[in-house]
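Reader: Could you walk me through one part of this model in some detail? I'd like to look at how the two chains meet, and then at what sits behind that surface.

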Amino acid sequence: MANPRNAAEGRRQMFESFYSVIALVFILVACVELCDASTVVDVYRLIQYDISGVPFGSRVASLNHHAGSSLFAPGSDLSRTVVILPLRELNETFIREYIEQGKPLGGLLLLLPRIFHPENSETVGGYVDSSEKVNMKKLLVDLEQKLIHSSIHYPVYFAFEDEDLDTVLADIKKNDAAGQPATATTGGYKLIVTSPTPKKLVSPTITNIQGWLPGLKADGDSNQLPTIAIVASYDTFGAAPGLSVGSDSNGSGVVGLLEIARLFSNLYSNPHTRGKYNLLFGLTSGGPYNYNGTQKWLRSFDQRLRESIDYAICLNSLGSENGLWVHVSKPPENAYVKQIFEGLSDVAEELGLKVGLKHKKINVSNSRVAWEHEQFSRLRVTAATVSGLSVAPNLLENTGGLSDTREFVSEAAVVQSVKLVAESLARHIYGQQGKKIDIFADNTSLAVNPSYIRSWLHLLSTTPRVAPFLSKDNPFIMALKKELADHVVEVNLQHDVIDGMFTFYDSTVNTLQIYQVASVTFDLLLLLVLGSYLITLFSFLVITTRGVDDLISLFRRPPSRKAKAA
Amino acid sequence: MTMFHFFNCAILTFGPHAVYYSATPLSEYDTLGTSVKTAVVYLGTALVKLVCLATFLKVSESDNFDPSQELLKALIGFIDVAGLYFALTQLTHRNISQNHKFQAVGLGWAFADSVLHRLAPLWVGARGLEFTWEYILQGLEANANLMLSLSLAALGSLMWLRKNKPKTLIPIIYACAVIVATMPSITSYLRWGLKWHLPEVVGFQLLTSLTMALVSWQLFAACQKPSSA
């Protein structure tokens with residue numbers, strides 16, 4: 001008698017230990033992070049910012065809704081749908097209703113063509129024919145301006161077209177065309193971005209970088225030599241901070257500045273060719289915000305230094321092939337302006353470039369600063385901006401946004417512009433105005449180096465540079481500093497805070513998970529089918545195994561028992 | 001909703017085992033102990049199989065079908081038969097009839113297989129948001145596997161435990177046993193060698209296991225008759 005009891009005891013103990021092991025396994029498995037989405041893509045959030053407390057951009061970051069396409073029935077409720085919209089399918093009505101009038105939407109995922117991808121810079125002269133490319137760019141510029149200047153109460157993300165997304169979109173379109181938009185009950189795709197509520201960036205900094213090439217002192221202090229400043233603003237602003245690489249505005253200007261610094265460092269390293277001018281190089285930040293960084297940088301100069309600046313040349317958007325414009329704030333009759341413009345136009349003529357002069361008066365009471373040189377002019381320093389743009393941009397326009405990628409920048413144009421500026425500067429420094437000499441002639445050791453320009457243009461075109469999101473010791477700023485330090489001396493950084501007018505919010509790059517989901521009805525149906533299957537199986541087994549003779553009585557017994565119990 | 005789907009798949013995967021236990025006389029004779037012992041034997045067998053696979057098999061970098069490797073795998077697969085033999089003959093069972101014994105063994109065997117191979121993927125996969133047919137198919141596969149295990153146990157008990165079986169049926173029993181025992185290798189060949197899709201493979205499995213179950217049922221019944229007569 002004792003033996004079976006012992007065995008039973010042992011068995012129970014075994015079971016109990018089993019249960020604890022199973023429980024442990026369950027706990028471990030439950031901790032496994034579930035991330036098996038059919039597609040995971042990088043998405044770039046529409047910028048969120050305030051100007052003097054007025055909200056702009058997309059105010060929400062997290063996303064968890066079913067996907068829909070542009071084929072939705074007009075007038076349907078999309079407040080729980082994420083619309084996936086390729087750029088080429090964008091139409092006027094959609095923009096007007098959902099972006100400008102602010103109709104509710106679960107979310108918006110805008111698909112951009114690959115040519116706008118920052119990493120796409122290798123395939124210059126790509127596969128899309130040029131007229132389509134230009135149209136796309138125009139469309140994107142318009143859309144970007146509208147997005148930036150409206151306050152949107154749903155999450156807006158940008159992604160790039162790729163095969164996975166295309167298949168997902170094709171599926172969704174098929175669903176939508178069949179008149180079955182995806183909801184919780186019909187299945188479809190679910191788009192999920194998990195992101196905490198965007199937080200304000202606390203005191204975003206801007207960093208200016210400056211460096212000197214001291215001229216040859218005749219006698220006395222080098223400070224008494226006149227100074228020529230070459231300035232370019234390096235940061236950008238765009239609808240998606242993670243994609244604002246600004247190849248033309250103002251990547252090309254930065255490249256130009258670095259190349260000019262390199263060219264003159266060659267000349268200034270030899271005492272025989274060192275000019276009688278100090279050269280001041282400034283890479284300024286805060287360009288999109290009325291050249292806030294430039295203003296701070298100039299304010300930090302002492303009076304004597306500021307007065308020693310003969311003139312400043314600001315480089316801006318040098319990458320287009322439509323000729324260059326010299327923008328000034330003083331009337332063209334002014335002696336300095338005349339001298340700068342004539343110096344440039346002389347060289348331009350020799351290079352076969354077109355250079356025009358544009359005069360725009362400063363309105364001191366207006367806080368808008370359209371060109372970088374205006375910050376100099378406000379402090380009574382003669383300055384001019386050399387730019388490919390013919391008209392002054394509005395606030396946050398032409399600041400290196402989504403459409404400003406490597407694809408649309410001509411390397412040859414940058415080389416020509418650099419040569420133009422460097423040559424005219426050199427002629428001025430060495431007193432060779434009006435003479436037909438070629439200091440930076442091609443195929444000499446002093447020639448403009450296209451591969452240097454190409455490699456820096458590549459780096460700039462792959463690095464998003466929206467100032468509030470660049471930390472003080474960002475690798476890119478360090479790289480700029482190091483590069484400048486290779487050519488010029490006394491390179492230092494100046495950190496400052498962006499003026500209080502702008503507030504920015506974080507969470508600019510996220511991952512989007514796309515799940516193919518089944519509907520609740522499907523699972524209900526499945527449960528029904530399974531239930532009937534198990535019941536059938538049960539009856540079948542009962543019939544076949546428990547007595548072949550009285551099948552029917554076996555089959556009837558349970559209800560009769562129940563009846564008795566009742 | 002995802003939990004819902006998980007429960008659905010779990011019902012499909014493990015439900016038939018429970019139904020089988022409760023519907024047949026197994027529950028009346030309290031044969032759970034036998035099933036649990038068999039499950040432990042299955043665990044041991046799986047371990048031995050793993051060790052053998054790790055020792056003798058090369059790690060292939062590609063997904064290609066290598067006949068010699070597959071043959072080796074099939075041979076190692078026969079360790080299952082040895083495990084089942086051990087479970088049927090060597091385990092001291094309480095006094096239950098052969099008829100119930102093989103069912104309990106087959107059930108324990110299939111259940112252990114399902115828990116070991118399907119529970120973890122199910123828990124990790126079916127709870128996710130992403131919908132695939134995979135886990136439903138896997139549940140169907142578990143059903144097919146239950147039938148196969150029961151047939152194999154039935155045939156095994158005929159081979160090893162029953163002494164007075166009709167002479168004419170013996171070759172058929174052995175042939176059927178070989179077919180059932182090689183079934184996992186055949187399905188793996190279909191899957192990886194002929195690149196069948198999962199639904200087709202599962203369909204094939206269901207069909208063959210159903211056939212084999214019917215055949216072995218008939219064989220068992222045929223052997224039963226002379227003894228009862």
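This is a predicted model: local features need pLDDT of at least 70, side-chain atom pairs count only at pLDDT 80 or more; totals for chains, interfaces and linings use all residues.

**Where chain A meets chain B**

Author: Polar contacts do turn up, with a count of three residue pairs between chain A and chain B, both partners at pLDDT 80 or more. On the side of chain A that touches chain B, the residues split into 24 nonpolar, five polar and four charged. As for the area buried between the two chains, it comes to about 3,100 Å², and carbon and sulfur atoms give 74% of that. In residues, 33 from chain A are in contact with 30 from chain B.

Who supplies chain A's side? α1 (2-30), β9 (188-193), β19 (509-517) and α13 (520-545) of chain A each bring at least two residues. α13(A) gives the most, with 15 residues.

Two of those names, β9 and β19, come back in a closed barrel of seven strands in chain A, which runs β1-β8-β6-β5-β4-β9-β19 with mixed pairing. On average, neighbouring strands there are turned by 35 degrees against each other, direction ignored. For a close-up, take β5 (residues 81-86) and β6 (residues 107-112) of chain A: they run parallel and are joined by five bridges. A:Val83, for instance, has A:Leu108 in β6(A) as its bridge partner. Helix α4 (residues 163-177) of chain A packs on this sheet, touching β1, β4, β5, β6, β8, β9 and β19 of chain A. The direction of α4 makes about 130 degrees with that of β9(A).

Terms used:
Residues are numbered from 1 along each chain as its sequence is written. Chains are lettered from A and ligands numbered from 1 in the order in which they are written. Side-chain values use heavy atoms; hydrogens and water are left out. Contact means heavy atoms within 4.5 Å. Buried area is the accessible area (1.4 Å probe) that two parts lose on being put together, summed over both. A polar contact is a pair of N or O atoms within 3.5 Å; within protein, one must be able to donate a hydrogen and the other to accept it, and residues adjacent in sequence count only if both atoms are side-chain atoms. Helices (H or I, at least four residues) and strands (E, at least two) are DSSP runs, numbered from the N terminus. Ala, Val, Leu, Ile, Met, Phe, Trp, Tyr, Cys and Pro count as nonpolar, Asp, Glu, Lys and Arg as charged, and the others, Gly among them, as polar. Two strands pair if DSSP finds at least two bridges between them. Axes are lines fitted to C-alpha atoms, for helices over the stretch in contact, and angles run from 0 to 180 degrees between N-to-C directions.
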